Amino acid sequence: MLEYGVRTLDTDFPYHDSLECAPEMTCSSLTDLNDAQTITIQSDMTAELPMLDVFMPMMKSAAIIAAGRIGLFEALSDGPRDAASLAVALSASEQAIASLAEFLVTQSYLEQHGTTFANTPITSRWFTSQGIVDYNPGLIWTAQAWDLMSGLADSVKRGGPDKSLWDKMVDRPEMGSDFSRYMHAFARHLTTDLLDNIDLPPGASRMLDLGGSHGLHSISFCERHPELTAVIVDLESALSFTEDLIERKKMSDRISLLPGDLLHADWGTDYDVVFYLSVAHNQTAEDNLAIMQRIHQVLRPGGIVVIHEYLDDQPILAYHAAFKLTLLTETATRIFSCQEISQWLAEAGFAPPIRLDLKPIEKGSLLVARR
Ligand SMILES: C[S@@+](CC[C@H](N)C(=O)[O-])C[C@H]1O[C@@H](n2cnc3c(N)ncnc32)[C@H](O)[C@@H]1O
C-alpha cells in the first residue's frame with residue numbers, strides 16, 4: 001500500500017509503476033520508463049499504395065463502430081450465427097451484414113466458420129455484455145466523435161472548436177448521455193486501480209467528486225467504505241442517468257448531485273477526499289490552479305486530492321498526441337505535464353504528490369497529494 005509524502009514507495013499491486021513526482025524532480029526523467037511503450041504504426045503496404053494507410057484505418061474504425069451501433073457483437077454473444085439469422089435479429093440486409101462481418105473477419109474482430117460468424121475472444125471480452133467491461137458505449141460515442149473530428153482542419157486553423165463540446169451537449173442532450181455512458185464504461189475499467197491504490201485518510205466520511213458524471217467512482221468508494229458520503233458536481237448534460245444509477249445501487253441517502261459548472265458552483269466544505277478524475281484536461285491551466293486552491297480550502301487537514309490524468313510527458317505517446325487533437329476539437333484545452341500539475345498543487349499548499357503510472361500507460365496516471 002502507498003504512503004503519502006515519502007520519496008520511495010512500496011506497492012504490492014503488480015500492475016503499476018509507482019513513483020513520487022516532487023516539484024524539484026524533472027518530470028522528463030520520470031518518463032524514461034515509458035520510452036519502450038511509444039506506439040508506432042507500420043504498414044508494409046503503404047510504400048506502394050500510400051492511400052491504404054488512410055483508407056484502411058478509416059474502414060476499420062467505421063466497421064467496428066457500425067457493428068457496435070447495430071448490436072452485431074452483442075447478437076453474437078450467445079454463439080455463432082449466419083448472416084441470414086443476424087439479418088433477422090438486427091433488422092438489417094443479409095447481404096450487407098455478410099459484407100460487414102467478412103470485413104471484420106479480416107480485421108480479427110470476428111471469426112468465420114463455414115457460413116457462420118463468431119466473436120473473437122477479445123471482441124467478447126471488450127464489446128459485449130458478457131465481457132469484463134462492455135465498451136460498446138465507447139463505439140456509440142466514437143460515432144459522435146467521428147463527426148467532431150471531421151472538423152479537425154478548421155479547429156487547427158481556429159485553434160479550437162467553433163463551439164465547445166459542453167455547449168454542443170446543451171443543444172443535443174443525447175451527446176451528453178452518450179459521452180457519460182462511455183465514461184462509465186471506462187470508469188468500470190479504472191475503478192479497481194483506484195480502490196486498490198487509494199487509501200482514504202483514517203475516519204474519512206466526506207468525499208467530493210468534481211466532474212463525477214455517471215457517479216461510478218463515488219458509488220464504488222461508498223460501497224467499499226460504509227461510513228462515506230459523496231457529493232458529485234458536474235454539468236447537467238453529464239448527469240442524465242446518474243441519479244437512476246445511484247438509486248439502483250440504493251445509495252440515494254449517501255450520494256448527492258450538485259448540477260452546475262464546477263468553476264462557479266458552491267461545493268460545500270469539510271471534505272476528506274476530493275476526486276478530480278480526468279477533468280484537468282478540460283480546463284485551462286489558470287482555472288486548474290484556481291480549482292486546486294479551492295480544493296485545498298474545502299479539504300480538512302490531512303485530506304487528499306486524487307487526480308487522474310494523461311500526462312504530457314516527453315517523448316510523447318502516440319495516444320497522448322491523438323488525445324491532444326481530440327481536445328483541440330472538443331474544448332480547445334490540452335493535457336498537462338506532471339511538473340505543471342505539481343506546481344499548481346504546491347502553489348495551493350499541498351505536499352508533493354505521489355505519481356502512479358497505470359498499465360498500460362495509455363490508461364493514464366494518478367497523482368495523489370495531501371493537504
Ligand atoms: C472526461 S469526463 C470524466 C468523468 C469522470 N470523472 C470519470 O473519471 O469517469 C470529464 C467530466 O468533467 C465534466 N466537466 C468538464 N468541465 C466541467 C465544468 N466546468 N463543470 C462541471 N463539470 C465539468 C464533464 O461534464 C465530464 O463529465
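Asp82 stands opposite Thr116 in S4, and that pairing is a handy way into this predicted model. Local features here need pLDDT of at least 70, side-chain atom pairs count only at pLDDT 80 or more, and totals for chains, interfaces and linings use all residues. Numbering runs from 1 along each chain as its sequence is written. The protein chain has 15 helices and 11 strands, taken as DSSP runs (H or I, at least four residues, for helices; E, at least two, for strands) and numbered from the N terminus.

**The three-stranded sheet**

- S2, S4 and S3 form an open sheet in that order, with antiparallel pairing; strands pair if DSSP finds at least two bridges between them.
- S2 and S3 sit at the edges with a single partner strand each, so one side of each has no neighbour in the sheet.
- Strand S2 (residues 81-82) pairs with S4 over two bridges, while strand S3 (residues 110-113) pairs with S4 over four.
- Phe117 and Asn119 make up the covered face of S4, with Thr116 and Ala118 on the uncovered one.

- Thr120 is in the loop between strand S4 (116-119) and helix H6 (121-127).
- Thr120 counts as partly exposed because 17 other C-beta atoms lie within 10 Å; buried takes 20 or more, exposed 12 or fewer, and partly exposed is in between, with C-beta atoms placed from the backbone.
- Leaving out residues up to four places away in sequence, Thr120 touches Ser108, Tyr109, Leu110 and Glu111, where contact means C-beta atoms, placed from the backbone, within 7 Å.
- Leu76 is 44 residues from Thr120 along the chain, yet their C-alpha atoms are separated by 9.9 Å.

- The 25 residues of H10 should span 36 Å at 1.5 Å a residue, and the end C-alpha atoms are 35 Å apart, which agrees; the expected span is 1.5 Å times one less than the number of residues.
- H10 also bends by about 40° at Leu190, the bend being the angle between axes fitted to the seven residues ending there and the seven starting there.

- Most residues other than glycine have a negative phi, and most peptide bonds are trans.
- Ser91, not a glycine, has a positive phi of about 50°; Ser91 lies in the loop between helix H4 (83-90) and helix H5 (94-106) and counts as exposed, with 8 C-beta neighbours inside 10 Å.
- Asp270 has a positive phi of about 65° in the loop between strand S7 (255-259) and strand S8 (271-277), and it is exposed, with 11 C-beta neighbours inside 10 Å.
- The peptide bond from Gln314 to Pro315 is cis, with omega near -5°; Pro315 is in the loop between strand S9 (299-309) and helix H14 (318-330).
- Lys359 and Pro360 are also joined by a cis peptide bond, omega about -5°.

Methods: Two residues are in contact if their C-beta atoms, placed from the backbone, lie within 7 Å.
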